[in-house]
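Hello,

Here is the structure I said I would pass on. My notes on it follow below.

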Amino acid sequence: MIELEEKTLQSFLYKAIDEAISLRKQPLFSWTKKIDKVDLIDVFQAAKNTKKDRLFWTNSSNDFALVGVGCTHKVIGHEDRFEQLQKEWKNILQEAIIHDHFKEVGTGLVALGGMSFDPKREKSGLWAKYPTSQLTIPAYMVVKNNSNYYLTMNRYLTNKDNIEQIIHEVNTMEKILLTETEHHHSTQKVIAKKEIAPNTWKKAVQKAVDEIKQNRAKKIVLAREMRLKLNKDANIAGMLKKLINTQPNSYIFAFEQDDNCFLGATPERLVQVQGDKLLSTCLAGTAPRGKTKEEDATIARSLLFDQKNREEHDYVVQMIKQNIEKYCEAIDIPKEPVIYPLRNLQHLYTPVTAKLKPSYTVFDIIKKLHPTPALGGVPREKALAFIREEERLDRGWYGAPIGWLDSNKNSEFAVAIRSGLIQKDEVSLFAGCGVMRDSDPEMEYDETNVKFLPMLHIMEANDESY
């Protein structure tokens, strides 16, 4: 079987190089094969031995996950980033040589990445290694799709490439990534914790309330930062494992850039596209979980009928509807939200389904939806102007779209909340809340403390096995 796969790859490579010679170009070559079941956290940890940047993603239902290793191509966008990303991705697909007879979600050519929350915000040193927007096509990728597993290799080819050497490199990388890793137990602790200007943040909340009462805005979302010091360099694989175990119904992600890693567990989908089927979801309105089933149910009922939270939720639902109407048809929205439970929190949840019109792509939808009222405010531009002026935090990729897309017209992007930026043994955590007319600064501060918990929990893990 292995010899047959090598001969197949060899044949494809010869054809691709012949094409490169005849067309006088260096094509991007992508080849996917099916592999045996593997633990993707093991793959992520094993990839550390390659000394290449790693990417990790698993969806909220945990039936799709992928690990990217290294980089074959990066797509960088600036202020007109959505148009740039869309144009370059289209050009890549037109010129790439893709061998993918599976045509499954996540097979073939895949790019992963994210973008900054606000490209007009002056960039700080905290996010120096994360561009305004970036999509990465990994050199190697391992994908789990339900019970099927795949390995993809991506590389540019030239007429000088040695095919036997390429096959040897693929076999070597496959052995590194798919060989079961030895687990090491270690203790990771938070040895220092600092909230960044909490009183200044509370004053900004009050100022936002005053703006809303003067009818200059209806809602403004304000975020803040907590800085942690660990007893050693962060154990990223261990954190991912713990997030998967403790944050069901969330997207778990990690985007490495050199010695930085943006990592988190967000419950908030921005948009999913499969062919022409579109799904966006509203997740706005928050309450804690109860300590007993009875208390939990009581809190859930209160959330469902709380005027502030329902109003906040409806802003997002209406925004999604209004912004996708031009690009979609057959839009379907339930009349009432339901409760979406997480480990530490519960939210109001409404799914929005539609059919994407043929002339549009996921980038058109992202451009219209970001930032949602759940992360920016209402009206959008007035809220963003207030955030730029009053929020001390450079959000970077926090609160912005992150996700992936493939050559089979599948994609999924989430909103990067419940997250942190890891820099060796230091971590910045981020949390925000929606300020409304009747908001109280102390209560909003308490809400952000609850939202810090998912990431704080994994930072203070005392027994990690990677």
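**Salt bridges and overall fold**

The side chains of Lys367 and Glu83 meet in a salt bridge, with 2.3 Å from N to O. This pair ties together distant parts of the chain: Lys367 belongs to helix H9 (residues 362-369) and Glu83 to helix H3 (residues 81-95), 284 residues apart. Please keep in mind that the model is predicted. Lys367 counts as partly exposed because its relative accessibility is 39%. Glu83 is also classed as partly exposed, because its value is 38%.

A search of the whole structure gives 23 salt bridges.

Are Arg54 and Glu256 buried or exposed? Both are buried.

Another salt bridge is formed by Arg388 and Asp118, and its closest N and O atoms lie 2.5 Å apart. Arg388 is in helix H10 (residues 380-390), while Asp118 is in the loop between strand S6 (110-115) and strand S7 (133-137); the two are 270 residues apart. Why does Asp118 count as buried? Its relative accessibility is 13%, and buried means under 20%. Arg388, at 27%, is partly exposed.

There is also a network: Lys219, Lys308, Glu312 and Glu444 are joined into one by salt bridges that share partners.

Ser60 is found between S2 and strand S3 (64-69). Ser60 counts as buried, because its relative accessibility is 14%. Which residues does Ser60 contact, leaving aside its neighbours within four places in sequence? They are Asn249, Ser250, Tyr251, Arg269 and Tyr340. The C-alpha atom of Ser60 is also 9.2 Å from that of Ala265, although the two residues are 205 apart along the chain.

Now for the chain as a whole. Its secondary structure comes to 11 helices and 23 strands. The C-alpha atoms fill a box of roughly 70 × 50 × 45 Å along the principal axes. For 466 residues, a compact globule would have a radius of gyration near 23 Å; the chain has 23 Å, so the two agree.

Of the 466 residues, 57% count as buried. The accessible surface of the chain comes to about 20600 Å², and 47% of that belongs to carbon and sulfur atoms.

Last, the charges. The chain has 66 positive and 65 negative charges, and their mean positions are 2 Å apart.

If you want a place to start, look up Lys367 and Glu83 in the viewer and find their salt bridge. Then go to Ser60 and its contacts, among them Tyr251 and Tyr340.

Regards

How values were computed
Residues numbered from 1 in each chain as written. Predicted model: local features only at pLDDT ≥ 70, side-chain atom pairs only at ≥ 80, totals over all residues. Heavy atoms only, no water. Helix = DSSP H or I, 4+ residues; strand = E, 2+ residues; numbered from the N terminus. Rg over C-alpha atoms; globule rule 2.2 N^0.38 Å. Buried < 20%, exposed > 50% of the residue type's maximum accessible area, 1.4 Å probe, protein only. Areas by Shrake-Rupley, 256 points an atom, 1.4 Å probe, with all protein chains shown as cover. Lys, Arg positive; Asp, Glu negative; His and termini not counted. Charge placed at Lys NZ, Arg CZ, Asp CG, Glu CD. Salt bridge = Lys/Arg side-chain N within 4 Å of Asp/Glu carboxyl O. Contact = heavy atoms within 4.5 Å.
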